[in-house]
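User: I'm new to this one. Can you walk me through it?
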Protein chains: 2
Amino acid sequence: MLNYKLTIRYDGSRYFGWERQPGRETIQGKLEAVLREMCGAPAEVIGAGRTDAGVHAEAMIANVHLDTPLTPDAIREYLNHYLPDDIAVDEVKVAAEGFHARYKAAGKLYTYTCCFGDRKPVFDRKFCTVLDFEPDLDRMRQAAAYLIGEHDFRSFCTNPNMKKSTVRTVDSIAISCRRDRIFFRVHGNGFLQNMVRVIVGTLLEVGKGTRAPEEMPAILEALDRTKAGYTAPARGLCLTRVDY
Amino acid sequence: MLNYKLTIRYDGSRYFGWERQPGRETIQGKLEAVLREMCGAPAEVIGAGRTDAGVHAEAMIANVHLDTPLTPDAIREYLNHYLPDDIAVDEVKVAAEGFHARYKAAGKLYTYTCCFGDRKPVFDRKFCTVLDFEPDLDRMRQAAAYLIGEHDFRSFCTNPNMKKSTVRTVDSIAISCRRDRIFFRVHGNGFLQNMVRVIVGTLLEVGKGTRAPEEMPAILEALDRTKAGYTAPARGLCLTRVDY
């Protein structure tokens, strides 16, 4: 029985998120079903995080204990062959026995993509959110600056029953624009439920002009979800990297 | 009644091609249905070419005569609003009365995209063809050189009942590679049915080593579809530009 580290890329469009759910298609569910066939025994895949329905990943990290004679490369090939074409496994490596994809994750980078203007997104329509306005980048950057650092992000969490600490550290929020696409790259040590999407939704309200950048400290202090902006749609969000 | 020129972008994955067909979803059919609603009268949309089922377009050109009080921009907005999200209209312009998208087309550029190697395409899986080998670019370029110029391309046409001339001019075939993606850019004055896909399929056989570049002249001279290579899958093909 070895502990394996997997790097997984997926188009989350048609899935009910990462986490296994009875009777529903999920990424974890798909991986575990294929691994069970491969090993002839149940396998529990532990992901670095639980992406929501419709959220994508460029490099989700997971670990799983497996009893198999296959080499890591052969496991990867087996998975890629039997997984559907919207899930790929890019790397399989033997990990230290104590490696735990969730507990050992030190940081995560999420990318959120929007588009604005006249050009309907066609080829990447499942990976970006269409805006009906062109947001002001400078205003959004001013607002984002207030979020950097260690804060209680309860106002940016959509789980009202969160019992554990809602304190997280956001290291950076980089906002860039290329032609009609806007990218938010949010890096932090961990994220609450829908936290990146609420941050992006709130920043977009600032970028539209319906909120001032200076409102951000009061939103944080309120510890109240209703004070922050809307939850930006899942389709624009992608887990880009997990740090260990 | 004015003649309008449309520039159309689409993901052809779920369509039975460009051409209107009763009971089937097609790009022309979708456009004509929306324009009929807009004008309250039937409209015939003439495309520069008829892309096959599953083929995409970055910039298909079409023309259509319409009797409408709407401005070209308002027509574009109406179309983008009512068309499905895998079809976009990027430009609507009033054209000269004599402009005919098919007859006046002087050239077309198609791009064919393949990928090779270990990385399963996930995000662009509907826009590229997966190869189980890494093709030799130099061999493919040598083979492609034989196809440049005016030739009878009957061997590269999948319509066995083609009555009209099968002589066409291919101006250039540019083959490039970026990471694990290979792009074929084929420019010519016109193309026979599936001609680009048969050219790409034949070049890939050369790139795999199962055919020699020097076979190309004999394939052309044979005027026989069975002498050329396989028809590369539709999903990798995109109409990139039409010249007038």
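Predicted model: local features only at pLDDT ≥ 70, side-chain atom pairs only at ≥ 80, totals over all residues.

User: OK, the contact itself. How many residues of chain B are in contact with chain A?
Analyst: 14 residues of chain B are in contact with 14 residues of chain A. On the chain B side, the elements that give two or more residues are strand 1 (2-10) and strand 4 (87-95).

User: And what classes of residue are on that side of chain B?
Analyst: The chain B side that touches chain A has 8 charged, 5 nonpolar and 1 polar residues.

User: Switching to helices. What span should helix 4 of chain B have?
Analyst: Helix 4 of chain B covers residues 195-208, and at 1.5 Å a residue its 14 residues should span 20 Å. The C-alpha atoms at its ends are 20 Å apart, which agrees.

User: Is that helix largely enclosed or open, and why?
Analyst: Helix 4 of chain B is largely enclosed by the rest of the structure, because 12 of its 14 residues are buried. Among them are B:Met195, B:Ile199, B:Leu203 and B:Val206, along with B:Arg197 and B:Glu205.

User: What do those buried residues pack against?
Analyst: Within chain B, the buried residues of helix 4 pack against strand 5 (107-115), strand 9 (181-188) and strand 10 (237-243), and also against helix 3 (137-145) and helix 5 (216-222).

User: What follows helix 4 of chain B?
Analyst: B:Gly209 follows, and its phi is positive, near 100°.

User: Now chain A. How far does helix 1 reach?
Analyst: Helix 1 of chain A, residues 27-39, reaches 18 Å from its first C-alpha to its last, close to the 18 Å expected for its 13 residues at 1.5 Å a residue.

User: Which of its residues are buried?
Analyst: In helix 1 of chain A, the buried residues are A:Ile27, A:Gln28, A:Gly29, A:Lys30, A:Leu31, A:Val34 and A:Leu35. Their cover includes strand 1 (2-10), strand 3 (56-66) and helix 2 (72-82) of chain A.

User: And what comes just after helix 1 of chain A?
Analyst: A:Gly40 comes just after it, with a positive phi of about 70°.

Methods:
Residues numbered from 1 in each chain as written. Chains lettered and ligands numbered in written order. Helix = DSSP H or I, 4+ residues; strand = E, 2+ residues; numbered from the N terminus. Expected span 1.5 Å × (residues − 1). Buried ≥ 20, exposed ≤ 12 C-beta atoms within 10 Å, placed from the backbone. Contact = placed C-beta atoms within 7 Å. Nonpolar A, V, L, I, M, F, W, Y, C, P; charged D, E, K, R; others polar.
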